[in-house]
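This report is meant for a reader who meets the structure for the first time. Please keep the sequence and the 3D view at hand while reading.

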Amino acid sequence: MPTTVKGIVAMSKGAPVEVTDIVIPDPGPGEVVVDVKSCGVCHTDFHYREGGISDDYPFLLGHESAGVVSEVGEGVDSVEVGDFVVLNWRAICGDCRACRRGEPWYCFDTHNATQKMTLTDGTELEAALGIGSFAEKTLVAAGQCTKVEESDPSVVGLLGCGVMAGIGAAINTGQVTRGKSVAVIGCGGVGNAAIAGAHLAGASPIIAIDFDEKKLAAAKELGATDTIVSKDLDEDGVVSAVQELTGGFGADVVIDAVGRPETWRQAFYARDLAGTVVLVGVPTPEMELSVPLADVFGRGGSLKSSWYGDCLPDRDFPMLVDLYKQGRLPLEKFVTERISIDGVEDAFAKMGRGEVLRSVVEF
């Protein structure tokens, strides 16, 4: 029988989110119901609330989650009832042109649940990133569940989005390896995860760049060897500061975790010749970039964007959870506060003020 639970819904553009009753249908073929244990408050959920993703209101928000499988639909054999899982929004199809050429992290036809969760009056809800886990239960495609060793859900659930995006930007997209120099522009949750990933890979130096000295202090705890306070520097000043810390050459890999034209240009010019720029910060649709084409040609190297850290959840999540349990990846440092479901609106405000790396809802 369908189940009614509490969930967080954005009913209209810019309006405060509401805690309301959500109806979770029984899982159909290829679908799974998960008892949600935790859900991180991510910028993407705020963008949904503000209409920055689409205008398909109402939205059931939440996507950065861990939980336990409680029901499985027909044909599901990848997980079973009782499995502890981290949810992901890259349930690869296995058959698109990217998957067939052996690059499934670029899958162009990822799966979501076929059925819709609804309000009690039958109004269909658009689930954020196909997950919708600011709720006691959620319905997802089986491929969106990655079984991992049971751990603190509020910590490992962050792999479902921001932390994986940052770590993957460094290791998967940027191909950071031992001895490479790395600079990260923007030290929020994703940027600091990129620093943690670079540290895990053995990079040196690792340069953290941000306006906020509190965020830079967190970056030092996660592996940054040097910091640059950028609030009093122009674009050229940031570039010069990175060059001074890298023998005058620039960093091998520069990761833009902000996603603005000015920070991308800083990343472009702060890298060494033949270095790599990785864009993981999400720009808004109206932003445009101007760089002399001769500079693009003359400096060589790679200009990349990183979507979800170019991750494969089945490959990356279990490995990173294992490293966390070994004490080699301090995921717990990303959890600033643990809150109840009715604290999401306040958590959005704290996030906007830069007071938290992650607020995490616990169920």
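## A helix and its aromatic pair

Does Phe268 count as buried or exposed? The model is a predicted one, and in it Phe268 has a relative accessibility of 0%, so Phe268 counts as buried. Trp264, at 11% relative accessibility, also counts as buried, because the limit for that word is set at under 20% relative accessible area. Both residues belong to helix α8, which spans residues 261–270, and they are four residues apart there, or about one turn of the helix.

The structure holds eight aromatic pairs. In the pair made by Trp264 and Phe268, the ring centres are 5.5 Å apart and the planes meet at 15°, so this pair is stacked. Elsewhere, ring pairs join Tyr48, Tyr57 and Phe59 into a cluster.

Of the 10 residues of α8, seven are buried, so the helix is largely enclosed by the rest of the structure. The buried residues are Pro261, Thr263, Trp264, Gln266, Ala267, Phe268 and Ala270. Their cover includes the helices α7 (235–244) and α9 (293–299), together with the strands β11 (182–185), β14 (251–256), β15 (271–279) and β16 (302–305).

In soluble globular proteins, nonpolar side chains tend to be buried together. In this model the largest nonpolar core has 63 residues, and those with the most contacts inside it are Ile195 and Ile255. Helix α4 (residues 162–173) gives the largest share of this core, namely six residues.

When its neighbours within four places in sequence are left aside, Ile255 is in contact with Ala169, Ala170, Val182, Ala183, Val184, Ile185, Ala194, Val278 and Val280.

## Helix α11 and its buried side

Helix α11 covers residues 344–352, and Val344, Ala347, Phe348, Lys350 and Met351 are buried in it. These residues take up an arc of only 165° around the axis, which puts them on the same side of α11. The elements against which the buried residues of α11 pack are β1 (3–10), α1 (43–49), β17 (337–339) and β18 (359–362). Just after this helix, Gly354 adopts a positive phi of about 70°.

## The annotated domain and a loop residue

UniProt, in an unreviewed entry, lists residues 28–149 under "domain: Alcohol dehydrogenase-like N-terminal". In the model, this span is 9% helix and 30% strand, and the C-alpha atoms at the ends of residues 28–149 lie 26 Å apart.

Where in the chain is the place of Thr110? Thr110 is found in the loop between α2 (97–100) and β7 (118–119), and with a relative accessibility of 26% it counts as partly exposed. Apart from residues up to four places away in sequence, Thr110 touches Trp89, Arg90, Ala91 and Ile92. Between Thr110 and Val190 there are 23 Å in space, C-alpha to C-alpha, and the two are 80 residues apart in sequence.

Methods:
Residues are numbered from 1 along each chain as its sequence is written. Side-chain values use heavy atoms; hydrogens and water are left out. UniProt positions are given in the numbering used here, feature names are shortened, and annotations may be inferred rather than shown by experiment. Helices (H or I, at least four residues) and strands (E, at least two) are DSSP runs, numbered from the N terminus. Rings of Phe, Tyr and Trp (its six-membered ring) pair if their centres lie within 6.5 Å; planes under 30 degrees apart count as stacked, over 60 as edge-to-face and the rest as tilted. Buried means under 20% relative accessible area, exposed over 50%, partly exposed in between (1.4 Å probe, protein chains only). Contact means heavy atoms within 4.5 Å. A nonpolar core is a set of buried Ala, Val, Leu, Ile, Met, Phe, Trp, Tyr and Cys residues joined through side-chain atoms within 4.5 Å. The arc is that of the directions from the helix axis to the C-beta atoms.
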